[in-house]
Amino acid sequence: MKLTCTSLIFLSATSSFADADSLSFAETETVSFERAQAQQSSLEQCFPSSIPWVNYEGNDYIFSRLKYNSVCVDEKEQQYEWGAIQGVYPSIATEGGGCSNLCVKGYGEAEAKGCTSSKRPDPRKLVGFEYDCDEATCYCLYEKDTLSSKYDKCFDGMDTSNRGSGDVALTTTNQGTTCYSLHIQPSNPQPRTPTRKPTRKPTRKPTRKPTRKPTRKPSPTPGKSICVRSPDYKCYKTGRPQCCSENGGRDCPDHMTKCDNYPEGMT
C-alpha cells in the first residue's frame, strides 16, 4: 500500500475525529491543534521548503518552493513544457534523489533505457519543477522548444505543448501540485574582468628630430641695441657705429663701441 500526502493527512484527521467523540471540549481543542500540526508536518514532508543545492558541471541549481496547490507559469501566465518522472516519494529533498537531483542529473531507469547524460536535455534550460505528492511524480519544467521526441527515453511522459519561457514569475492554482522555481549560478564565480581590451600601443614611430637649423636671431628690439639709440655724431661719423649698417645691425652690441669720428691723422 502506498501512503501519499493526501492519505497521510486523511488518516491523521480520521483518527483525530474518532478520538474527539469521547473527549471534553478542552481535550477536543488539543486534538484539533495536534491534527493541524500533523497536517502541516505531512505537507512539509511532501513539499519541503528547504531543498539542497544541486551541484552539477560547474553550476549550482537552487530550487525554492513558491506555493502549495499550484503550477509554475511565466510572466505571461503560460505553463512550461515538462518531462515527468514517476515513483519519486517524499522527501523530495533526499540526498541523491528527489526532483531536484533527478531533473538536473537524470535517474537510473532512464539511463537503463538509453538516456545517458549526453542525450538528456540541457539542464541549463530547466526553469523549475512541480511535484505531485499523491501521484509521487516530478514534472521537470523546461523553456519552450527544449523537449522533443528524441528525449522520450529520458522521461515517463512529456508535454511539449506549453509555451512558457524565461524564469518562473508566477503561479496559478492547481490542486495537488506545488511549484518550485529555479535559480542557476556558477559554483565558483570568477572575478569580473574589464569588458574592453586595453588600447594598442602606438604603431607609429616617433617623428624625426627637426632637420632645419634654428632661424636667425631676431632683429634687436628697441632699447636693447646701440643701433636704435639716438644718433651720436660726436662719436660716429654716421651717428651710429659701422656695425649698424651691416646685417641689419644684428651683430651690434647694446653698449657704446669705439668712436670713429676723429680728425684725420688721429687714431
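Figure 1. On a 1 Å grid over the protein atoms alone, a cavity is a set of points where a 1.4 Å probe fits but cannot get out. Grid points are joined across faces, edges and corners, and a volume is the space filled by probe spheres set on the points. By this rule, the predicted model shown here holds 1 cavity of 30 Å³ or more.

**Notes for every view.** Residues are numbered from 1 along each chain as its sequence is written, and side-chain values use heavy atoms, with hydrogens and water left out. Because the model is predicted, local features need pLDDT of at least 70 and side-chain atom pairs count only at pLDDT 80 or more, while totals for chains, interfaces and linings use all residues.

**Figure 2. The protein chain as a whole.** The chain has 4 helices and 9 strands. Helices (H or I, at least four residues) and strands (E, at least two) are DSSP runs, numbered from the N terminus. Their order along the sequence is α-α-β-β-β-β-α-α-β-β-β-β-β. Of the 267 residues, 34% are buried. Buried means under 20% relative accessible area, exposed over 50%, and partly exposed in between (1.4 Å probe, protein chains only). The accessible surface is about 18200 Å², and 50% of that belongs to carbon and sulfur atoms. Areas come from the Shrake-Rupley method with a 1.4 Å probe; for residues, only the protein chains shown count as cover. A contact is a pair of heavy atoms within 4.5 Å. Among contacts between residues at least 6 apart in sequence, 71% join residues at least 24 apart.

**Figure 3. Two nonpolar cores.** A nonpolar core is a set of buried Ala, Val, Leu, Ile, Met, Phe, Trp, Tyr and Cys residues joined through side-chain atoms within 4.5 Å. The largest has 31 residues, of which F63, I85, F129, Y131 and F155 touch the most other members. At least two residues of this core come from each of strand 1 (54-56), strand 2 (59-67), helix 3 (98-105), strand 5 (126-132), strand 6 (137-142) and strand 9 (177-186). Helix 3 gives the largest share, 4 residues. A second, separate core of 7 residues includes I226, Y236, C243 and C252.

**Figure 4. Helix 3 and its surroundings.** Helix 3 is largely enclosed by the rest of the structure, because 7 of its 8 residues are buried. These are G98, C99, S100, N101, L102, C103 and V104. The buried residues pack against strand 1, strand 2, strand 4 (81-86), strand 5 and strand 6. Just after the helix comes G106, with a positive phi of about 85°.

**Figure 5. Two loop residues with positive phi.** E57 sits in the loop between strand 1 and strand 2. E57 is not a glycine, yet its phi is positive, about 50°. E57 counts as exposed, because its relative accessibility is 64%. N69 lies in the loop between strand 2 and strand 3 (70-73). N69 is not a glycine either, and has a positive phi of about 50°. At 31% relative accessibility, N69 counts as partly exposed.

**Figure 6. S64 in strand 2.** S64 belongs to strand 2. With a relative accessible area of 34%, S64 is partly exposed. Leaving out residues up to four places away in sequence, S64 touches C179, Y180 and S181. P48 is 16 residues from S64 in sequence, and their C-alpha atoms are 9.3 Å apart.

**Figure 7. D251 in the segment after strand 9.** D251 is placed in the segment that follows strand 9. D251 counts as exposed, at 58% relative accessibility. S225 is 26 residues from D251 along the chain, and their C-alpha atoms are separated by 9.2 Å.

Notes: On a 1 Å grid over the protein atoms alone, a cavity is a set of points where a 1.4 Å probe fits but cannot get out, and a pocket is an open set with protein on both sides within 12 Å along at least five of seven lines; lining residues have an atom within 4 Å of a point.
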